[in-house]
Amino acid sequence: MSYSMGEIESHCRKAARGAGFSFGEAEEAGQAVRRLSAAGLAGAEALLAYLTAREAGETLDSSCPIKLGCQLVDGASPSLAMCHTPMLLLPFLSPLAEAQGTALLLQGTVFKGLATLDGGLHVIHPAAQDSDLSLQSATAPSADLVWRATCSRDTYAALDAFCQRTYAPETEASRAKGAGAGNDGNT
């Protein structure tokens, strides 16, 4: 399926919020997926993989790519000793690459990805989880960005299950106070 960048960002932001991220972290998660999608990478799938692993208790807070990325952007130097779904960390490197005037290579024992000065993101060796990640200056080709995000229906539906957690339950009292369509036009 093809989605607008705004639609995929919004959906992933809601999914992250439904998974328990703070509003700011959920916002960053949505933007990260948007930037990955613009680079032609499977950002929504990466977010779903992380949220599912997090839900199952397979991750540590210290290995969260969203929290690590937020710390990097805020100027901190977090330990990159372990990161679950390191592809989600790549979009956070773009502002750092621009500030440093050089492309940045994120490399671990398995994962290898590149953030370029022009916002391009490249995954050279994907990995679900990696350790001993490091950042280094690198040279990189310019990137061709895309304008529509692709995501399978199954991934979108699975993310929607996380989104549903953010909605208030429907009640008779809320409908009586004007929520929803009420009886107007419902024949």
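This is a predicted model: local features need pLDDT of at least 70, side-chain atom pairs count only at pLDDT 80 or more; totals for chains, interfaces and linings use all residues.
Student: What share of the contacts with a separation of 6 or more is between residues 24 or more positions apart?
Tutor: A contact here means heavy atoms within 4.5 Å. Taking the contacts in the protein chain with a separation of 6 or more, residues 24 or more positions apart account for 63%.

Student: How many salt bridges does the structure hold?
Tutor: Side chains of opposite charge can pair when their charged atoms come close. The cut-off used is a side-chain nitrogen of Lys or Arg within 4 Å of a carboxyl oxygen of Asp or Glu. Among the pairs are lysine 67 with aspartate 61, at 3.2 Å between the closest N and O atoms. The total for the structure is four.

Student: Which helices hold glutamate 27 and arginine 13?
Tutor: These two residues form a salt bridge, with their closest N and O atoms 3.8 Å apart. Their positions are 14 residues apart in sequence, so the pair ties together separate parts. Glutamate 27 lies in helix H2 (residues 23-38), and arginine 13 lies in helix H1 (residues 5-18).

Student: How many residues apart are arginine 165 and glutamate 55?
Tutor: The side chains of arginine 165 and glutamate 55 meet in a salt bridge, at 2.8 Å from N to O. Arginine 165 is in the loop between helix H6 (153-163) and helix H7 (172-176), while glutamate 55 is in helix H3 (residues 43-55). The pair links distant parts of the chain, and the separation is 110 residues.

Student: How far apart are the mean positions of the positive and negative charges of the protein chain?
Tutor: The protein chain has 13 positive and 20 negative charges. Its C-alpha trace spans about 65 × 35 × 30 Å along the principal axes. The mean positions of the two sets of charges are apart by 5 Å.

Conventions. Residues are numbered from 1 along each chain as its sequence is written. Side-chain values use heavy atoms; hydrogens and water are left out. Helices (H or I, at least four residues) and strands (E, at least two) are DSSP runs, numbered from the N terminus. Lys and Arg count as positive and Asp and Glu as negative; His and the chain ends are not counted. The place of a charge is taken as NZ of Lys, CZ of Arg, CG of Asp or CD of Glu.
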